[in-house]
Amino acid sequence: MALNAEQEVVRGRSSAGAPPQTSYTRKKRFNSKTALTMLAFMAPAAIFVGIFTYYPMISGSQMAFRNWNLNDLSDTSWVGWGNFRTLFENPEFGTIVRNTIVWVVGSLVPQVVIGFALALFLKRKFKFRGAYQAFIFFPWAVSGFLIGMLFRWMFNAEFGVVNDLLMKVGIIHSPVPWLAEPGFAMTAIIIANIWYGVTFFAIMILAALQSVSDEMYEAAAIDGAGKIRTFFSITLPAISVTLGLTILLRIIWIFNFPDIIWAMTGGGPADQTHIITTYMIKITQKGDYGQASALGLIVVFTLMLFAAFYLMAVRPRKENR
Amino acid sequence: MKKKLTAITALGVAAVLALSGCGGGSKDAADGKVTLKMVESLTNPTRTETLKTLLAGFEKENPNIKVDLISPPTDSADQKIQQMLQSGKGVDVVEARDITIGSFGANNWLYDMSADLKDWNGWADLTDNAVKYSKQGDKTYFIPYGFYGLSLFYRTDLVKDAGFSGPPASWTDLLEQSEKLNQPDANKFGYAFRGGTNANSNAVAIIEAYTADQVDVENAFLLKDGKTIFSAPEAQTAMDDYLELFKKGSPPSSVAWGYPEMVQGFSNGSTSFLLQDPEVIATIKESTSIKEDQWSVAPLLVGPTGKAIQPVGTAGWGIAQASTAKPEAIKLVKYLSQGEPATTFTKENSLVPILKSAAKDPFYSEGPWAAYVKMNEQPETYISAVQPRTVSWWTEWIAKSDGELQRVITGKMTTKDLLASWDKFWTEKMAG
Amino acid sequence: MINKESVLSRTSKIIFLSICLIVTVFPLYWIVITSLKAPGTIYSLPLDYWPKEISFENYIGLFTKSDFGQYMINSLLVATVAATVATLISLLSAYVLARFQFSGRGAVLGAFLLTQMIPGFIALGPLYMMMTNFDLVDSKTGLILIYIAVCIPFCTIMLRGFFENVPDALEEAAMIDGCSRLSALFRVLVPVMMPGIAASFIFNFVNCWNELFLSVTLMNSDENKTIPTALAGFISSFNIDWGSMSAAAVLTVVPTLVIFAFASKFIVQGLTAGAVKG
């Protein structure tokens, strides 16, 4: 059910503005030759994803229901929901869930807002726009691990440039132990993630904006609409589907993105910056693959449920138009 | 046109089909040469270089054997080694550590070398400790390549300038001196506190020093009466002093300091004291921030008992159970565990040596190493003891204890609760 | 153009864009500076915002002490091949998903979307076992195959959006002229969709170029390691070599930056084609 809804919105990308010009011609000559072609076209993708993604994933999932600890594999009996129970009973679990929400929301909202503003400003041509774009887009090309290490170095308490600058400007008077105090550490990792993610939104929103036709703006101008009204009555609705899908994909990715945190704090201090996926790495390092798999399944189901609700919530807006 | 279609789709499919055909190829070339795969765990660039030189020597002596050294990034090395051993392919010689041997042994991933080494002439040259640690239970899964042990690195110039006659000898001295040398505004600190990864090790060191009289030397986490060291009233005092040391004498950011941050904190001149393994001697010698005459090494800190417990840490070379080239692998392990190669390895990585002959080597009695000689000469004060690192739940312990210790230093848990929790953990685990 | 930009909005635009640029570029500037400081001097206070003496020691060390050149070649090879093949395969599957209505289409799309939600760690153990059985551990081919599989789902979803914006009439005309479906796809559709395909390719390339986790797990020897593994290798148990790591980071980021400089127009254009037409 969830998947059908998702498919709706993915397809919605093309049908939001104009009538879907392709769908009515789709049901056509569907003979056995076409079917064979289709099969041949789909086969490579299906084989690759089947072998290298689905097989290991399904095979790995069964560990979630077994006592699968690499430290001692002599007894790998089935334990039913035991691993899930251990996870839920863990007093840290609440903190980790809370952190995950803070991490996703805290990273996402500024990414959307700044990304949107950036895209609006970049929409019109100006001198050196090409060069500007190349620089502004570059964080997207840096790996999560590297971003984590880079910010870990910049947030270093004694030799980090962040403390040095803040002290020069006079905002702080003594160095802040950024990665050693839970609240500061959470702030630091979120700043790093915002830095990384703004670009992605800027690109996607810019692309969407450029596809909104000038006629629509001109019509709005004739109606005497001001800038703000134009934004809310023309721009936002026109790109809402792209925006909706981009946000959904982004939420899924941020949720599943341990790289920056792992490189910067490793989930510390005192496990206070763990999100679900970094905690999963921690569990695998302890060797308990059973529990880690259980946590992985929880992630998959949470995201599926979330995606379903999310898509149900965004869909009506599309129909209103 | 049809041909084109087939060609394109084949592009993807062919690659996949190719897989099924190419399994099982023998790595041992037809010319009779045997290739050994060797994995290291505590990787660092200098060490890898040393190892490569040693392996080249081995290959020269044994023209029929080739050794491929695999050097994964140390952060994920043990996990990778686990994967390799579990898959049973692609690894012959492996670096086993006391902390990983428990699980490797329990899973029957390592080969018991006892029979092959029964008549080995190298035994006679090994120190008593090396012989002792070559037996893990009744098996020989690895031969140690060296030993780790704690000693106190300190800044001679700063200690003197502050008016102290010498380095701290006890934990109380350390607190006093660190407090005096700690000047956060000038980015100068006393003690390079370990709050991050493996924070438990130094916390246990102070607890053991405070309970030294009662510690069971065969299992340094237990007292002679069979209770855990964490249950002793002295442990409470130890932890309170330790917390004090963090608050008054250490950099605030050290909550998150692991091994690299501590060593860097000392070698870049921001902290005055560092409790560490000898292997950092080489790193500090390379430092451009502090000069050779600005630092030295003192023995491990004693507790109110006047004694300290020296936890012996070790790692060594072992052989994968699934290796198909065991005789050659044995040759390599033997080669690395005696004579010149063993000495070179311990010297270059500044480890406590495994060979008796090192006692006569001036290298090990001068400069930073003098502290180790001193500790060796006073076994009653610096009691050598075995920590239960080879248990299969050791990694679980590290994860648990590190997290809880950080909670204590960030004020989210009391030292009393911490000790109760650790006591409960070990009491239950030891009871089986 | 609706009206001329007022001075106020123009100023605010310039200020905003400048702040964004500074914040974005500063970390890059900082790694460059760190990489150019002589080893050891990065720990001197006060911090130097421009090295007193520019030293290339970190860079020289990369190529003399490690096989960094080899790692770069490996990364380039693996990322190029994987991104190319993945884009080609996704082109085919995206075409089918965009052009045909068949039962199970939703399921296929759902299955692709689901791969985005799976944390990689679940699959690692079995994947390693499988690669061992195929004898593809420590092999560039093995890594390429996995990367292709990792890239396909998102790439298909992306390309499918582009196809839906190209009218059917185009390839139908071609097919009436006697082209097969495949040649119609490559002769008629691909040229029209070039910006979108370029964007997808770059996306795949960047992902493969940066991938750390699978590479560390599967690659052993220096002949096969990729750059991210080398980066992780600068963290040893008692040292983080910030100087070398920064130098390596600069060398890693530069190629992608160059691609972006040339292709940023493409990327936006390509994505625009895939987005809503108003």
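**Salt bridges, whole structure**

My criterion was a side-chain nitrogen of Lys or Arg within 4 Å of a carboxyl oxygen of Asp or Glu. The model is predicted: local features need pLDDT of at least 70, side-chain atom pairs count only at pLDDT 80 or more, and totals for chains, interfaces and linings use all residues. Side-chain values use heavy atoms, without hydrogens or water.

I looked up Arg152(A) and Glu261(B) next. Their side chains form a salt bridge at 2.5 Å, N to O. Arg152(A) sits in helix 7 (residues 144-154) of chain A and Glu261(B) in helix 10 of chain B, so this pair joins two chains. Helices here are DSSP runs of H or I with at least four residues, strands are E runs of at least two, and both are numbered from the N terminus. Arg152(A) and Glu261(B) are both buried. Buried means under 20% relative accessible area, exposed over 50%, partly exposed in between (1.4 Å probe, protein chains only).

Then I checked a pair within chain B. Glu244(B) and Lys248(B) form a salt bridge, with the closest N and O atoms 2.6 Å apart. They are four residues apart in helix 9 (residues 233-249) of chain B, about one helical turn. Glu244(B) is partly exposed at 30% relative accessible area. Lys248(B) is partly exposed too, at 37%.

I also noted Asp361(B) with Lys347(B), a salt bridge at 2.9 Å, N to O. Asp361(B) is in the loop between helix 13 (339-348) and helix 14 (370-377) of chain B, and Lys347(B) is in helix 13, so the pair ties together parts 14 residues apart in sequence. Asp361(B) counts as buried at 17% relative accessibility. Lys347(B) is partly exposed at 28%. I found one network as well: salt bridges with shared partners join Glu92(A), Asp271(A), Lys282(A) and Arg407(B).

**Chain A with chain C**

I listed contacts, meaning heavy atoms within 4.5 Å. They take 104 residues from chain A and 99 residues from chain C. The two chains bury about 9,900 Å² between them, 76% of it on carbon and sulfur atoms. Buried area is the accessible area (1.4 Å probe) that two parts lose on being put together, summed over both. I counted 10 residue pairs in polar contact, both at pLDDT 80 or more. A polar contact is a pair of N or O atoms within 3.5 Å; within protein, one must be able to donate a hydrogen and the other to accept it, and residues adjacent in sequence count only if both atoms are side-chain atoms. Helix 3 (residues 32-61) of chain A gives the largest share of the chain A side, 19 residues.

**Chain B with chain C**

Here 42 residues of chain B contact 38 residues of chain C. I get a buried area of about 3,500 Å², 63% of it on carbon and sulfur atoms. There is one salt bridge between these chains. It pairs Asp222(C) with Lys52(B) at 3.4 Å, N to O.

**Strand 10 of chain B**

Seven of its seven residues are buried. It pairs in the antiparallel sense with strand 3 (residues 93-97) of chain B over five bridges. It also pairs in the antiparallel sense with strand 4 (residues 142-148) of chain B, over six bridges. Pairing requires at least two DSSP bridges between two strands. Gly318(B) stands opposite Val94(B). Gly318(B) is also the bridge partner of Phe142(B).

Terms used: Residues are numbered from 1 along each chain as its sequence is written. Chains are lettered from A and ligands numbered from 1 in the order in which they are written.
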